[in-house]
Amino acid sequence: VQLAATGSDTGTLRVIRRTPDGSWSLHCRVDAHGAPITDLAFAPDGASLASVSEDRRVAVVELSADGCRAPRYLDGGTEALYSVRYAPDGAALVTSALDARAQVWDPSGTLLADLRGHKDRIYSAEFSPDGRWIITASRDATLRLWQRPPPLARPGAPPRTPDAYLVMDGDLGGAAYARFSPDGKNVAAAYWENAVLLWRVWATD
């Protein structure tokens, strides 16, 4: 089954599916948020959809063959959220926020880590292709590389607050977006000053 999704300024999610004849039809519609949706992402297995909004919450919607379930919300006490991405194995997701924090969650809704250190809002956060690292891009002009946090040692344990593994400053104004190369060894970043930099994170073979 092929699915696509959109998020609206009114907080509504729409999921459409491709039919056998190649046309598209509405699969479900969910009033997920009380403010504009800023980003959304399907889980790698296509069984759920996560969205984030200016209402400061993550909505996780389970998808089935006949529609969508009611949203399950994750609230980490941040300000407006800008991005959401699943790990390649589907066992975690990461969000970025106006208050200069990124947060890592497990699919059950447990907050695993608060990634702190940026000095201004984080526009994007995403996992490396192997799922071991997270890259964040911020208005403070830096990228930060973080190790993906492991599951909590015990239920109810407080989330981790790790330090960044690496800080990259391109001195080109705010960093609007960053993405790993397919092999995970490089990061491409877009900056406000009409520039793109390709950072070599790991040495090539």
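Let's start at a turn: β9 and β10 form a hairpin with six residues between them, and Gly90 in that turn has a positive phi of about 75°. Strands here are DSSP runs (E, at least two residues; helices are H or I, at least four), numbered from the N terminus. This is a predicted model, in which local features need pLDDT of at least 70 and side-chain atom pairs count only at pLDDT 80 or more, while totals for chains, interfaces and linings use all residues. Residues are numbered from 1 along each chain as its sequence is written, and side-chain values use heavy atoms, with hydrogens and water left out.

Strand β10 (residues 93-97) is mostly covered, with five of its five residues buried. Buried means under 20% relative accessible area, exposed means over 50%, and partly exposed is in between, using a 1.4 Å probe and protein chains only. In a regular strand the side chains alternate between the two faces of the sheet. In β10, Leu93, Thr95 and Ala97 point one way, Val94 and Ser96 point the other way, and all are buried.

The hairpin of β10 and β11 has four residues between the strands, and there Ala100 takes a positive phi near 70°. Most residues other than glycine have a negative phi. Ala100 is buried, because its relative accessible area is 10%. Compare Asp171, in the loop between β16 (166-169) and β17. Asp171 is another residue other than glycine with a positive phi, near 55°, but it counts as exposed because its relative accessibility is 66%.

Now for the open space. Rolling a probe the size of a water molecule over the atoms shows where empty space is left. The largest pocket holds about 160 Å³. The search uses a 1 Å grid over the protein atoms alone: a pocket is an open set of points with protein on both sides within 12 Å along at least five of seven lines, a cavity is a set where a 1.4 Å probe fits but cannot get out, and lining residues have an atom within 4 Å of a point. Points are joined across faces, edges and corners, and the volume is the space filled by probe spheres set on them. Arg85 comes back here, lining the largest pocket along with Tyr86, Pro88, Glu126, Phe127, Ser128, Pro129, Arg179, Phe180, Ser181 and Pro182. Three strands, β9 (81-86), β13 (122-127) and β17 (175-180), each supply at least two residues of that lining. By type, the lining divides into six nonpolar, two polar and three charged residues.

On the next pairing, β15 and β16 are antiparallel over four bridges, and Leu145 has Leu166 as its bridge partner in β16. Five of the six residues of β15 (residues 142-147) are buried, so this strand is largely enclosed by the rest of the structure.

Two individual residues are worth a stop. Gly11, in the loop between β1 (3-7) and β2 (12-18), is buried because its relative accessible area is 0%. Leaving aside neighbours within four places in sequence, Gly11 is in contact (heavy atoms within 4.5 Å) with Val30, Asp31, Ala32, His33, Ala35 and Ile37. Ala113, found in strand β12 (residues 111-115), counts as buried at 0% relative accessibility. Among the residues that Ala113 touches, not counting those up to four places away in sequence, are Val104, Pro149 and Arg160.

Finally, step back to the whole chain. It has zero helices and 19 strands. Buried residues make up 46% of its 205 residues.

Key. Ala, Val, Leu, Ile, Met, Phe, Trp, Tyr, Cys and Pro count as nonpolar, Asp, Glu, Lys and Arg as charged, and the others, Gly among them, as polar. Two strands pair if DSSP finds at least two bridges between them.
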